[in-house]
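Dear colleague,

Please find below the structure I am handing over to you, with its sequence.

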Amino acid sequence: LRAAEKELLPGHHTFEWQPALKNVSPFCHLGIINGLSGWATSVDDAPAETIARRFRYDVALVSALKDLEEDIMEGLRERGLEDSTCTSGFTVMIKESCDGMGDVSEKHGGGPVVPEKAVRFSFTVMSVSVLADGEEKVVSVFSEPKPNSELSCKPLCIMFVDESDRETLTAVLGPLVAEREAMKRSQLILSIGGLPRLFCFQFKGTGYDEKMVREVEGLEASGSTYICTLCDSTRAEASQNMVVHFVTRRHDENLERYEMWRTNPFSESADELRDRVKGISGKPFLETHPTLDALHCEIGNATEFYTIFQDEIGEVFRKATPPREERRRWRAALDKQLRKKLKLKPVMRMNGNYARKLMTQETVDVVCELVPSEERREALRALMRLYLEMKPVWRSTCPAKECADQLCRFSFNSQSFAELLSTSFKYRYNGKITNYLHKTLAHVPEIIERDGSIGAWASEGNESANKLFRRFRKMNARQSKDFE
């Protein structure tokens, strides 16, 4: 009776792993735990200067699946898969996101003294599919309708750590990574709809911005000559050949390259060695799925367009290197025009909302009023036209349904876009190109062919939840208003 009573308690789920998870206690009823638990401290260890709180990964996944219990049952009924036929063969696809937040100090509160930066790690259940007994094809019984909403994005770990502090980050995420590795090799037995069912998990770490990907995969920082986290191209190669590249980097290959960097088996010079390992000089400790983050892609490209607008106002294509004061003048003129005509307030750091407003044909028309020559105006308009034609392909959750035409034309459009950059805007792209522009032109079709979508796998859910996190901590950092 006691066991039956417990089953009815909210949040009380019994589950089992088959085989049992390695180095993870079989205890099911865990709430929030200390993020540093699982680290045996030796006598000499200084206590880690951080506060971290997390859920155990498997407990959090079980809780998320139980939340979706009705949806899963509904999906089974719709597909005509009656309960008794489907107890095994369930596959759950998980999107992982992780992002650092600057300045999270208490603005007016006497909380504990902690580092003023935080990192949040979270996951989203993207889909649940099932291979019914005796069937050939996998059938999807649930897919997340809003994969980029903070409502579907479950926090797993919050730590007061600076995301650039690699040692502490690896220390706190280490146990999570270990649990995730253990879960990949095991099956979960969990009661859904009154019957015990078997679930396998697949993890895709796609909700990371480029800085975080480079950090956890051991690449050099984003100013490196190795411009891309997906392929081995250098900045010069990427600006010469803007379109034809293939996704080649993988987590296990990064590990091999790190080993090579560490041991230098051919006794090469630092430059030769760096060229051999393509800029991998740190140990990769968290497996990410090589993709392009749609949100940061938009922000990166908008920043680039913002600079092009300034350059066009000042007719940089005529001059060699204009002095800084002149650049400041063009920037002020651009901001003033955007504010007057489009009500776009200047921002300190480009954010998603500003980027979305900036990248419109209307903006280009307004900017063109400040561009002296008609020929340059036409080039700018053409550039934005092509960009807006390409954008839905990596933004939409399901491009094959939502923008099939643009998807078909993407390669052609990206080719035209690249030609325009290397002719009309040669002054800016001679031997250099920005990271996200390279990824946008070179890798989008291949990623979509492989994953079906880029937009659905973006980091937006986690980023919006960051905003909530600030709200709950009564922190109004990054807002110019006085706080309430």
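In this predicted model, the largest nonpolar core has 62 residues, and Trp 394 and Phe 417 touch the most other members. At least two residues of this core come from each of the following: helix 9 (294-313), helix 10 (324-342), helix 11 (352-358), helix 12 (361-368), helix 13 (374-395), helix 15 (404-423), helix 17 (435-442) and helix 18 (444-451). Another core, of 55 residues, lies apart from it; Val 177, Met 183, Leu 188 and Leu 286 are among its members. In soluble globular proteins, nonpolar side chains tend to be buried together.

Which residues does Trp 394 contact, leaving aside its neighbours within four places in sequence? Among them are Leu 292, Ala 294, Cys 297 and Asn 301, as well as Tyr 387, Phe 410, Thr 440, Val 444, Ile 454 and Gly 455.

Turning to the protein as a whole, its secondary structure consists of 19 helices and 9 strands. Along the principal axes, the C-alpha trace spans about 85 × 60 × 60 Å. Of the 484 residues, 50% are buried. Among contacts with a separation of 6 or more, 72% are between residues 24 or more positions apart.

The protein carries 69 positive and 73 negative charges, whose mean positions are 6 Å apart.

Yours sincerely

Notes. Residues are numbered from 1 along each chain as its sequence is written. This is a predicted model: local features need pLDDT of at least 70, side-chain atom pairs count only at pLDDT 80 or more; totals for chains, interfaces and linings use all residues. Side-chain values use heavy atoms; hydrogens and water are left out. Helices (H or I, at least four residues) and strands (E, at least two) are DSSP runs, numbered from the N terminus. Buried means under 20% relative accessible area, exposed over 50%, partly exposed in between (1.4 Å probe, protein chains only). Contact means heavy atoms within 4.5 Å. Lys and Arg count as positive and Asp and Glu as negative; His and the chain ends are not counted. The place of a charge is taken as NZ of Lys, CZ of Arg, CG of Asp or CD of Glu. A nonpolar core is a set of buried Ala, Val, Leu, Ile, Met, Phe, Trp, Tyr and Cys residues joined through side-chain atoms within 4.5 Å.
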